[in-house]
Amino acid sequence: VSCSDNCHKNPNTPVPLDNALHSLPLAYSPVTKQIHLICQNDLKSVKSDRKCNGVSLLNRVGTEVSSFSSTVSSLSDISPSTNGDSTLGSLFDNGDSCSLISIGNCSSLSEDSNGTKPKRKGISAFFSRGVFGWKGKNDTSEGWSLFSKNSGTDNGSSGLSEERHSAGGDSSHGVLGSTGLIQLERPAWLPAKSKQEQLAHSNQHNRIISSARKRELKEAKQRKKLLQNQLKAEDELANATKIWIQEILPKWHQMKNNKRTQELWWQGVPPCVRGKLWRLALTNDLNVTHDLYDICVSRAVERLKSAAGSTDSIDEPSKDRDAADREASMELIQLDISRTFPHLCIFQKKGPYYDMLHSLLAAYVCYRPDVGYVQGMSFIAAVLILNMDAPDAFVCFANLLNRPCHRAFYSLDQPLMEAYYATYKALLRENLPKLCEHLDSCRLTPDLYLLDWVYTIYAKAMSLDLASRIWDVFLRDGDEFLFRTAIGVLKLSQDQLLGMDFLTGSQYLTKLPEYLTATQLFKSVASVKMNIGKADFSQLLATYTQMMT
């Protein structure tokens, strides 16, 4: 029964709201974002005038449409719908040409475009027939996506207008980043941009894209250059390794003083060759053998058992004092090993090289009980163990500590140590007079930083790779290179040290910065003069030795 027929039979019957809503020809405009009442002349789907209580239903509700329009319009404004951006559709349009909603017993009838009999709908149908376009069942249009891709078929009701397509590209890819918020127009439920704002955002987006492209090109060039340098370094290393293995090492005694060998030595020894070269460069003047190493290790084990309270001690009563000194050295070894290259985690307890390092140091204590263990020896032994087997490392370790400089420092020969300090300071004043004066004013004397560098041959103050490079040339040039390197380090850091006081300066020199590279350091070292007038390092050392003794 239609609404008009029911009203004619009972004129006093009130009109329900759902009947009024069914009879209103409403449409949603994306331009004004409001619900509009369509004039009766434009209606194509309504077949006849409908009256209720003798009053035209269209005119009756015309006075109330504004309040209802503002309500529905406000709902649609905060929604994420974009279905109405490009086309003007009916509020209740869901694919058929004329809508029908029925609540109660009074309804307005309309026909579909294909002439089929309309269906009656309940109250739930009102909220499910596309009032908000993004909730429709057959809606395949794309919504506004900030950080994801939202694929769908292009059916003419896209969520982006033609202007948005031209500004932001194909909407099938969605907005891939926050820059899309300034690249594209705002969605329908937000206030539209002004032309000035749209132009400003477009220019800002272009600047962002241009800056990103420049940055990417710069980074790509840097990566390419870095890769080329790495490949070049690898080729040079491969060629140098070939020369060392095939030409130099087999004829060591004839080739060690060759100019080409000296140049390759300065440039850095390949890691795979370093162990063998160090064994050749550190001549075995003490005639230490592998068997002697095994004997010393056995004695060290027995000494540890004796210290632990074992009854099978091999000590003689007349050597109780020496035993006590050696036991104290053993305890110091265990303490110092845990602080040796802690970032590598291989020399600490339960590490793969802990027992090897401990055995080597304990064997040296038994081999040289007059020297015992001195803090800093663990770094020298660790560097040797990383490049050769334990017996060979012990041979090199014993002969290295027997060199004049290390023998003086580890045996605490004070007059000879003062002679080395005086020689170093004279050369420092010759090369860096301003810095030398500043260090004197800060009371930053050489024994506060140089002692640690000599004890560990820079293995503690620098990175392991850089220290290994210093070891290469140190074994070629001898003790002089230790002091030449010290002046080179100060020359490279002169600007920073001139602005430091005693505390900051001592901290800086105790642990040199990580960004120190071999190229920078060796360039600085090469510029250091190791003579004053006609007196070279050895002559200066001899002069100061006579003065100190």
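Let's start with helix α19, residues 433-441, where the buried residues are Leu-435, Cys-436, His-438 and Leu-439. They span an arc of only 160 degrees around the axis, so they sit on the same side of α19. Keep in mind that this is a predicted model.

**Helix α19, side by side**

- Which exposed residues does the face of α19 turned away from its buried side carry? Look for Lys-434, Glu-437 and Ser-441 there.
- "Buried" here means under 20% relative accessible area, while "exposed" means over 50%.
- The buried residues of α19 have a cover that includes α18 (414-431), α22 (480-492) and α23 (494-497).
- Just after α19 comes Arg-443, with a positive phi of about 60 degrees.

**The largest pocket**

- Its volume is about 780 Å³.
- The pocket is lined by 17 residues, and the closest to its centre are Ala-233, Glu-236, Gln-267, Gly-268 and Arg-469.
- Sorted by type, the lining has 9 nonpolar, 3 polar and 5 charged residues.

**Who builds the pocket lining**

- Which helix gives the most to the lining of the largest pocket? That's α8, with 5 residues.
- Why does the largest pocket lie between domain 1 (202-267) and domain 3 (409-548)? Because both domains give residues to its lining.

Key:
Residues numbered from 1 in each chain as written. Predicted model: local features only at pLDDT ≥ 70, side-chain atom pairs only at ≥ 80, totals over all residues. Heavy atoms only, no water. 1 Å grid on protein atoms, 1.4 Å probe; cavity = no way out; pocket = protein on both sides within 12 Å on 5 of 7 lines; lining within 4 Å. Points joined across faces, edges and corners; volume = space filled by probe spheres on them. Helix = DSSP H or I, 4+ residues; strand = E, 2+ residues; numbered from the N terminus. Nonpolar A, V, L, I, M, F, W, Y, C, P; charged D, E, K, R; others polar. Domains from an automatic or database assignment. Buried < 20%, exposed > 50% of the residue type's maximum accessible area, 1.4 Å probe, protein only. Arc of directions from axis to C-beta. Contact = heavy atoms within 4.5 Å.
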